[in-house]
Amino acid sequence: MSKTPKADELSKIDYMPPKSGWMDTPVEFKQGFWCYGSKAKSLETVGFPNPRQWSPADEDWKLPENWQEIVLKGFKERLDKYRSFKVFMDICVRCGACADKCHFFIGSGDPKNMPVLRAELLRSVYRGNFTKAGKILGKLAGARELTYPVLKEWWYYFFQCTECRRCSVFCPYGIDTAEITMMARELLNLLGLNTDWISGPAANCYMKGNHLGLEPHAITGNIEYMLDDIESITGIRIKPTFNRKGAEILFVVPSGDLFADPGTYTTMGELMLFHELGLDYTWSTYASEGGNFGFFTSNEMAKRLNSKIYAEAKRLGVKWIIGGECGHMWRVLHQYMDTWNGPADFLEAPKSPITGTVFENAKSTKMVHIAEFTADLIRHGKLKLDPRRNDHLKVTFHDSCNTSRGMGILEEPRYIIKNVCSHFYEMDENTIREKTFCCGSGSGLNASENIELRMRGGLPRANAVKDVVEKYGVNMLANICAIDRAALPPLMDYWVPGVGVTGVHELVANALVMKGEKERTTNLRGEPLPGVVETREERRKREDRRKEVGRRRKREEG
Amino acid sequence: MNALLSLVAVIVLILIAFIGIKVASLHFLFGVVIPYAAIATFLIGVIYRVVKWGRTPVPFRIPTTCGQQKSLPWIKQSKLDNPSSTSGVIGRMLLEVFLFRSLFSNTKFELKEGPKIAYGSTKWLWLGGLAFHWSFFVVLVRHVRLFTEPVPSFLHSIEVLDGFLQVGALGVLISGVVLLLAVTYLFLRRVFIPEVRYISLAADYFPLFLIMSVALSGILMRYFLRVDLVSIKELTMGLASFSVAVSLEKISVIFYIHLFLVSALFAYIPFSKIMHMGGVFLSPTRNLANNSRMERHINPWNYPVKVHTYEEYEDDFREIMKDAGIPVEKE
Ligand code: SF4
Ligand code: SF4
């Protein structure tokens, strides 16, 4: 892997497009911008075509003889199945309104990262093969042949789109390049051209129920560790249940939150909240993934992975489902799940057993976002909160792409944060809510070999954080997304060192005053609460524990 | 290069009409046959395209949500930017189609030393686009007077509004001038903004030049070259009633050029990006309500897929599950 340039070097970006036209500028695979190719084993696990040993850096990608035919046939099929795809292929006027809205363009200056041009990579082949004008006029009509270099260009640039939909907000016709990227990735998958970082987790999820491949005992074990920590902080021993039939609620989180900091603190927060409420709920080791890397592969793969949630809800006989904090997970749950795997007529319209609120907005899917659930609790005064415990934090909130532009859950997390923290500051209005900027690592791009791309793509987000750091002294970046919790810490370290990253329910649990708890001296991270002076002994213990947790995770990963 | 080619193409079109009338005297061809053929191509082509779009299924409900969702009753929903009902969607679409709302919120960014990225609002494209489309529309409506007798009264009011500028003795109609200016602006931004130039195809310049030449020839005809208005109206009325009975030679060549360019434009529409005028209504990210969790959306081609069932999972992990104290179906 090449060395990633330093931040000040990387931020010198040239936006001037090259002299040669884009069709005449061949793709160049830059180190640090692309992910390793999918492994044969992952493809075999889910029965995907063309499993083989290959590397994107190779000249020869070991494609079947008739690869063009396969792609064009797949292209046609999708044009007939998706109105979005057909219409978006036809109506772009190349006005350029979307051009500078993509974080990858802002961070890299590469014109093929302008959403419109990313789409044209595919559209040009569409015109060449499926339109009269393109067939007759060729290049004049913006048409081109599907060649090997074009295929490689597709692979390179469609894995430089995080499917964030920001471009779609500004397009006068709502053209969503994310939708086009999804189609392109489906076509690439017909030839076995995925990335390892996506096809690996998808295969894991298929066989073991979650992306990380955590087996049943690893899930219970990880949660057990969290319970130990909770006990030492609060003096309360929580006893959650797994795969329990007859529970009222099934709880599904992104598996990243079971595995690594700071996501685990979010899970601890959720465990504490549900315990405090006495909620009749269960975890599942079979449906142990809310996220969906199948979604970054193909519609069909996404549906196959998603099916487990309803199947498990049915098997366990629960009444409804709560989903944890995650971005793309909620795009899928909100806009796709019911269509794919519904109707969930064996469930009941979700009703909070604590407040009696019926979640009308989820009356068909029967699945409620935990932020909706918690906001409702706070509104009804059901939680005893002491926001002073979060007084050392100056918090800002990062809207995840999917939850803002593919759902619209904007106020719920803000309402919660404002109730559990005293210091909350918004970032520049052009970088939040529906205009939010991606973390730069969404849609399965959060690998390590493409770190330069991620740091570039994350620049607009990081820069908006930097702004509130300078203005208000912000030191904590809250979010409701597991990929954010994995991707933002390195992004902050790179561009804005000193800013922490947290899930919203970690903040909730820190402020939550639980029945029978001992006087808390630390937060969930084991750091002293504001006003508490840590003895040297305590500090040593805390650091030991951190090291131990790190070692433990390493062992499990290995 | 793309721009030049498109310009040449339009000049060739003008020459064809000029030679066709002046040299070959093909008045009937240019005055009757081609306009009919163009209108037929336009109608059949547009209908074909729209029907084809309309027949393509919408498997998922995928609105791009640009505001607060409808959730808890005490949280204020953005009814227009994140509609959950049909009326909200209609509102969103109307604002989009008539006022270009998404373009209105356009921004530009600037990367400064630091690095520091600053965002600002930019309304030029919105303004230019709005001026272009609306003036085009008014010009089109004004032409209805050529096909009606008596001329409907609403046209008079439009012309009064449109013609409030008096230049000398001549009443200038604003719409034509605005159209020409707007189309020129759209052309210039394509040439001078590097990113936009980079993405522009010949197919982007061609319609601009075509419309520019249509507007220019129209303006020339109206204000500068004398044309036989009575004969023109006779021709257009004839075209509208399928009974052309006027001596076509009386009409001057500039009219034929104008008519030929308009015909070319109409015939070109179904094969071009100008179809966006129909497509915008069918865009699934804009014309659907965000109510996927409230009402199940049906995918007409939803098919069963291979899944890894719980039973298979338990078979893989039964002993592990038992050891971890997790209940199992089969002991
Ligand atoms: S904003 Fe829409 S129409 Fe304009 S270039 Fe981008 S995708 Fe095309
Ligand atoms: S979806 Fe996001 S990442 Fe993809 S092109 Fe659009 S703005 Fe860029």
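**Close-up views of the predicted model**

**View 1. Helix α7(B) passes helix α9(B) in a left-handed crossing.** The model shown here is predicted. In chain B, α7 covers residues 174-192 and α9 covers residues 202-224. Their axes come within 9 Å and cross at roughly 155°. Angles over 145 degrees count as roughly antiparallel, and α7(B) and α9(B) are therefore roughly antiparallel to each other.

**View 2. Residues of α7(B) and α9(B) make the contact between the two helices.** From α7(B) come Gly176(B), Val177(B), Leu179(B), Leu180(B), Val183(B), Thr184(B), Leu186(B), Phe187(B), Arg190(B) and Val191(B). On the α9(B) side the contact is made by Asp204(B), Tyr205(B), Leu208(B), Phe209(B), Ile211(B), Met212(B), Ala215(B), Leu216(B) and Ile219(B). By class, this contact of α7(B) with α9(B) has 15 nonpolar residues, along with 2 polar and 2 charged ones.

**View 3. Chain A has 24 helices and 7 strands.** The radius of gyration of chain A is 24 Å, close to the 24 Å given by the globule rule for 558 residues, so chain A is as compact as a globular protein of that length. Taken along the principal axes, the box filled by the C-alpha atoms of chain A is roughly 80 × 55 × 45 Å.

**View 4. In chain A, 68% of the 558 residues count as buried.** Contacts in chain A between residues at least 6 apart in sequence were also sorted by separation, and 77% of them join residues at least 24 apart.

Terms used. Residues are numbered from 1 along each chain as its sequence is written. Chains are lettered from A and ligands numbered from 1 in the order in which they are written. This is a predicted model: local features need pLDDT of at least 70, side-chain atom pairs count only at pLDDT 80 or more; totals for chains, interfaces and linings use all residues. Side-chain values use heavy atoms; hydrogens and water are left out. Axes are lines fitted to C-alpha atoms, for helices over the stretch in contact, and angles run from 0 to 180 degrees between N-to-C directions. Helices (H or I, at least four residues) and strands (E, at least two) are DSSP runs, numbered from the N terminus. Angles under 35 degrees count as roughly parallel, over 145 as roughly antiparallel, 65 to 115 as roughly perpendicular and the rest as oblique. A crossing is left-handed if the near helix is turned anticlockwise from the far one by less than a right angle, and right-handed if clockwise. Contact means heavy atoms within 4.5 Å. Ala, Val, Leu, Ile, Met, Phe, Trp, Tyr, Cys and Pro count as nonpolar, Asp, Glu, Lys and Arg as charged, and the others, Gly among them, as polar. The radius of gyration is taken over C-alpha atoms; the globule rule is 2.2 Å times the number of residues to the power 0.38. Buried means under 20% relative accessible area, exposed over 50%, partly exposed in between (1.4 Å probe, protein chains only).
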